[in-house]
Amino acid sequence: MASVERNGLLPRLARSGIMSGKMTLEHPFLDDTQLPAWSQLSPEKARTDIRLAIEQAKAAVEAICQVQEPTYANTFDALENSSAALMRGWQRLNHLRSVMDSPELREVINELMPEVVIYSSSVTLNPQLYAVLKNAAAQPWVQELSPVKQRFISETLADFRESGADLPEDKKARYAELSTELAQLSQTFGEHVLDSTNAWEYVTADEAELAGLPESAREAARQDALSKGHGCEEAPQWRFTLQFTSVQPVLTFAENAALRERVWRAMQTKGTGEFDNAPLINQILTLRAEKAALLGYERYSDYVTSRRMAGSGRNALDFINRLHEQVRPAFLEEQEAIRRFAEEQTGTAIPALEPWSVGYWSEKRRKALYDFDTEELRPYYAMQNVLEGMFSIYAGLYGIRFTQRPTACLQAGEELPAGAVEVWHPEVLFYEVHDEESGEHLGSFYADWYPRDVKRAGAWMDALSTGLPPMEGQPRIPHLALMCGNMSRPVGDKPALLSHYEVETVFHEFGHLLHQVLSNVEVRSLSGCNVAWDFVELPSQINENWTWEPEAIARYARHWQSSELMPRSLMDKMLAARNYGAATFFMRQLCFGKIDLELHTNTAAYLGRDVEEVDREILADYRVPTTEQGNSVLRAFSHIFDGGYESGYYSYKWAEVLDADAFSRFAQEGIFNPATGRDFRRCILSQGNSRPAAELYRDFMHRDPDTAALLRRSGIES
């Protein structure tokens, strides 16, 4: 998942003093003259810096309001730069919450959030500012600007309209209140998910319970238990949590049905009890509906999608419904085959599987059909090899090179070693990206791959600062970004050995990263991942295709001990089983898109009702038929209640249609063809939101998307 920003050039801010050979920053959250000094980003500094940035931004906006003779520089460009320091500081603060959560960080974020949201709302609700901008947009000189700057003007005015700029004063006040309330509710929702995830653990000293678990999962559980003070080398214990890397092996491989059930039922506790998210869901939906109505939209989904490729909530929902009808027969056939297989293997009648047994029997059937155990792949997917192979693939395609830099995680007052880059945790890596031909430094990025109790779940990419191409005699300003995940950790003397799904996830997030660092747009707000939300997943999802191509796999799939390539026989088994369960995975994604769009399109039908009842009603034809359904997916659905994907989860499938179609050009012209790669960089990766997404796609494919491409690739249609 990508997280995007609207960011401008930060003002230079003062430093003060030298301490222990290390530069001490007066305003570390706002400084833009170096890479972030993570050890200096304390909650106390955040209070000072964010409030200072708000005051600076207010002064900058007030200066624009006084403009009598508008130019691009003193209106739209000045607006872009006005809140840059605030956005930079707020971004750093929230990033720390994502990777190093603490009560102190939560406290300061909750304290500052109303102030940040109130300021942000005040900008678009400022009638004097809006009048100045509209006046500037009507000036003859606008026609002399570059097409990108003209697009920025039109997009900015659209942002203002969609943020309530045309509302009467009383409704503007309510809009600001809604923005603040929604931000706080979303923050609480995310905290509830993290806290309820961390609230559960299961520790056992009975090795018999672990029957069927791969050695990698057993050892990870043992090491995790040791790290928490459970057991010892002579008397080991094993710890299981609700992290994906702990849950997934149990539900897929554990012979012990009681252990599977224990973990599955624990999963149902997310967003429940003292961390109950059900009331928050109803409040959030109510306030979102009110917000959309204030702005003249019948549905919140229409408000969100009006400037996206889908165009309306109804169009997006129709897209999901059409795919559902096409996929459902294959989905039901897959699930019935798994049920019959379980009956055959057990010799007992099974009218319906328990939910904690579906994944288990599905994997058993996969192994029986293809003589293929997905765990056989792990020894060939060492993290470092995967990264190096991935870098080599896209270096050749896009004409770039990657250089790893040494890193250091400092305590307050420590000196940064010469040549090193400071990071927020010792496991974090750092890389630079240069253009192979020109040698230009295009961008840099951090990579933080492993789970921690204080780190949020999932995988994501984010931009810490957005660069600019060379302009008006000034050199290029590089981008700065990050990738984070929760992959399988190194265990004992073994490196991190990934599942194939985890390899896909690394490639996916790297696609977002490339979209950011290869952006070449002269306006930051239109750069990188700041594109239509149903287009933003194209660069990430197309990358997953290279994890299924034999020539590409050979770049990184080497045994961690012998360095031997993955045997072709094993690779062939993996490829033969590629579409096993494809309809089920397809339906799972449609399930999330469906419930998201239903809630935000037909909101009135669901408000005030029990969340479990709503879930069952909406997803009746989307669920795997099991003996029980468990709690609603909504309780921990951070994507749509704390992640910016509300009315937008459909975009994963929308972009998957695009990626399946766009990759067909690589498949035809060569998956390592540098000419095709340079075209993708030029037409898609470098363009950001400088032009409408549909135009960018046509530039690369020379036609509109073939919507059947995804069904063909998934084996659902021939």
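Cysteine 409 is partly exposed, with a relative accessible area of 28%. Keep in mind that this is a predicted model. The closest cysteine sulfur to that of cysteine 409 belongs to cysteine 484, and because the two are 14 Å apart, they are too far from each other for a bond.

**Cysteines**
- How many disulfides does a search of the whole structure find? The search comes back with 0.
- Cysteine 65 has a relative accessibility of 4%, so it counts as buried.

- Which residues does phenylalanine 535 contact, once you set aside its neighbours within four places in sequence? They are Met309, Leu658, Ile684, Ala693, Leu696 and Tyr697.

**The second largest pocket**
- About 990 Å³ of space lies in this pocket.
- The pocket is lined by 40 residues, and the closest to its centre are Ala220, Ala221, Asp224, Arg489 and Val491.
- Which element gives the most to the lining of the second largest pocket? That's helix 8, with 9 residues.
- Helix 7 (169-198), helix 8 (215-227), strand 5 (238-240) and helix 9 (244-253) each put at least two residues into the lining.
- Sorted by class, the lining has 17 nonpolar, 11 polar and 12 charged residues.

- Threonine 305 sits in helix 12, which spans residues 300-305. Its relative accessible area is 0%, so threonine 305 is buried.
- Leaving out residues up to four places away in sequence, threonine 305 touches Gly311, Ser312, Gly313, Ser647 and Tyr650.
- Leucine 518 is in a loop, the one between helix 16 (500-517) and helix 17 (538-543). Is leucine 518 buried or exposed? With 3% relative accessibility, leucine 518 counts as buried.
- Again not counting residues up to four places away in sequence, leucine 518 touches Tyr398, Ile400, Leu442, Arg681, Leu685 and Ser686.
- Leucine 518 and alanine 310 are 208 residues apart along the chain, and 26 Å separates their C-alpha atoms.

**Two residues with a positive phi**
- For background, most residues other than glycine have a negative phi.
- Glutamate 472 has a positive phi of about 50°, although it is not a glycine. You can find glutamate 472 in the loop between strand 11 (460-465) and strand 12 (479-484). Glutamate 472 has a relative accessible area of 78%, so it is exposed.
- Histidine 702 isn't a glycine either, and has a positive phi of about 65°. Look for histidine 702 in the loop between helix 25 (693-701) and helix 26 (709-713). At 61% relative accessibility, histidine 702 counts as exposed.

Key
Residues numbered from 1 in each chain as written. Predicted model: local features only at pLDDT ≥ 70, side-chain atom pairs only at ≥ 80, totals over all residues. Heavy atoms only, no water. Helix = DSSP H or I, 4+ residues; strand = E, 2+ residues; numbered from the N terminus. Buried < 20%, exposed > 50% of the residue type's maximum accessible area, 1.4 Å probe, protein only. Contact = heavy atoms within 4.5 Å. 1 Å grid on protein atoms, 1.4 Å probe; cavity = no way out; pocket = protein on both sides within 12 Å on 5 of 7 lines; lining within 4 Å. Points joined across faces, edges and corners; volume = space filled by probe spheres on them. Nonpolar A, V, L, I, M, F, W, Y, C, P; charged D, E, K, R; others polar. Disulfide = S-S within 2.5 Å.
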